[in-house]
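Work through the following exercises with the sequence and the coordinates at hand. Each task is followed by a solution that goes step by step.

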Amino acid sequence: MIEKRKMGYQPIPLPDRQNLTEVESRAGGQAFHDRMATRHTVRDFSDQPVPRDVIETAIATAGLAPSGANHQPWHFVAISDPAIKAQIRQAAEEEEQRFYDGGGGDEWIAALEPIGTGVSKPHLEDAPWLVVIFAQRYGLTDDGARYKNYYVPESTGIATGFLIAALHHAGLYCLTHTPNPMRFLTQICGRPDHEKPLMILAVGHAAQDATIPAAANVKKPLDQILSFNPNRNQQGN
């Protein structure tokens, strides 16, 4: 990463300025909403290959996300090698077995029942790509000195959202998988100890017989996820 301590504040004119009309703004927002409404998580992947450059472009899009102090505290490992995918699946299923044997607790396991998850994770091998997302607890300068990263989970979460949207826009499907613990990913992916694995994204084309759980289509209505101008008394003012 560039040593930003050597870079003072240098304001430049806003690049890529947008100046849409209200009509264009509504149309653009609705079009993106409608596109994302067709996004679905699948566990059934076809063997149709996905070119490497498509994955590269999606991850480059993730790298455009905002981050604390612009430190970009993330790293993405893209894996297509069948042997490595098989190794990840084996390790992930071992953790999942412990989870379903009681480590997850009855309430959590019951909450997952409508989603249809279980110990077996064939998608970790079937999907042509796995993208493992790491969050960097701290950064390293070119000369190896440490510097603090800020809002690491928040920043990496935003970048992951960018990535999922980019993959969908490219016509691909993905599945978020978070085995716990997932320390095994650090070793398999050859990443340093200051990077924490957060998630595996299985990425590819959906199989012809792919299904989704009916429960996955149940989304909270807008009035449950949005408030305008909350009551001042509720804010203690």
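**Exercise 1. Identify which residues form a nonpolar patch on the surface, and state their accessible area together.**

Step 1. The model is predicted, so local features need pLDDT of at least 70 and side-chain atom pairs count only at pLDDT 80 or more, while totals for chains, interfaces and linings use all residues. Residues are numbered from 1 along each chain as its sequence is written, and side-chain values use heavy atoms, with hydrogens and water left out.

Step 2. Patch members must have over 30% relative accessible area and no salt bridge, with nonpolar side chains (Val, Leu, Ile, Met, Phe, Trp, Tyr) joined within 5 Å and like charges within 9 Å; the areas come from the Shrake-Rupley method with a 1.4 Å probe, and for residues only the protein chains shown count as cover.

Step 3. The patch consists of Leu222, Ile225, Leu226 and Phe228, which together have about 460 Å² of accessible area.

Step 4. Phe228 is found in the segment after helix H8 (222–225), where helices (H or I, at least four residues) and strands (E, at least two) are DSSP runs numbered from the N terminus. With a relative accessible area of 66%, Phe228 is exposed, on a scale where buried means under 20%, exposed over 50% and partly exposed in between (1.4 Å probe, protein chains only).

**Exercise 2. Determine how many salt bridges the rule gives, and describe the setting of the pairs Glu56 with Arg52 and Glu96 with Lys121.**

Step 1. The rule asks for a side-chain nitrogen of Lys or Arg within 4 Å of a carboxyl oxygen of Asp or Glu, and the count comes to eight salt bridges.

Step 2. Glu56 and Arg52 pair at 2.9 Å, N to O; because these residues are four apart in helix H2 (residues 52–62), about one helical turn separates them. Glu56 is partly exposed at 43% relative accessible area, whereas Arg52 is exposed at 59%.

Step 3. Glu96 and Lys121 form a salt bridge at 3.4 Å, N to O. Glu96 lies in helix H3 (residues 82–103) and Lys121 in the loop between helix H4 (106–112) and helix H5 (123–126), so the pair ties together parts that are 25 residues apart in sequence. Glu96 is buried at 8% relative accessible area, and Lys121 also counts as buried, at 5%.

**Exercise 3. State the volume of the largest pocket and work out which residues lie nearest its centre.**

Step 1. On a 1 Å grid over the protein atoms alone, a pocket is an open set of points with protein on both sides within 12 Å along at least five of seven lines, a cavity is a set where a 1.4 Å probe fits but cannot get out, and lining residues have an atom within 4 Å of a point. Grid points are joined across faces, edges and corners, and a volume is the space filled by probe spheres set on the points.

Step 2. The largest pocket holds about 590 Å³ of space. Its lining has 28 residues, with Glu96, His177, Thr178, Pro179 and Asn180 nearest the centre.

Step 3. Helix H3 gives the largest share of this lining, six residues.

**Exercise 4. Find how many cavities of 30 Å³ or more the structure holds, and name the lining of the largest cavity.**

Step 1. The search of the whole structure finds one such cavity, with a volume of about 40 Å³.

Step 2. The lining is made of Arg39, His40, Ile164, His168, Leu172, Tyr173 and Cys174.
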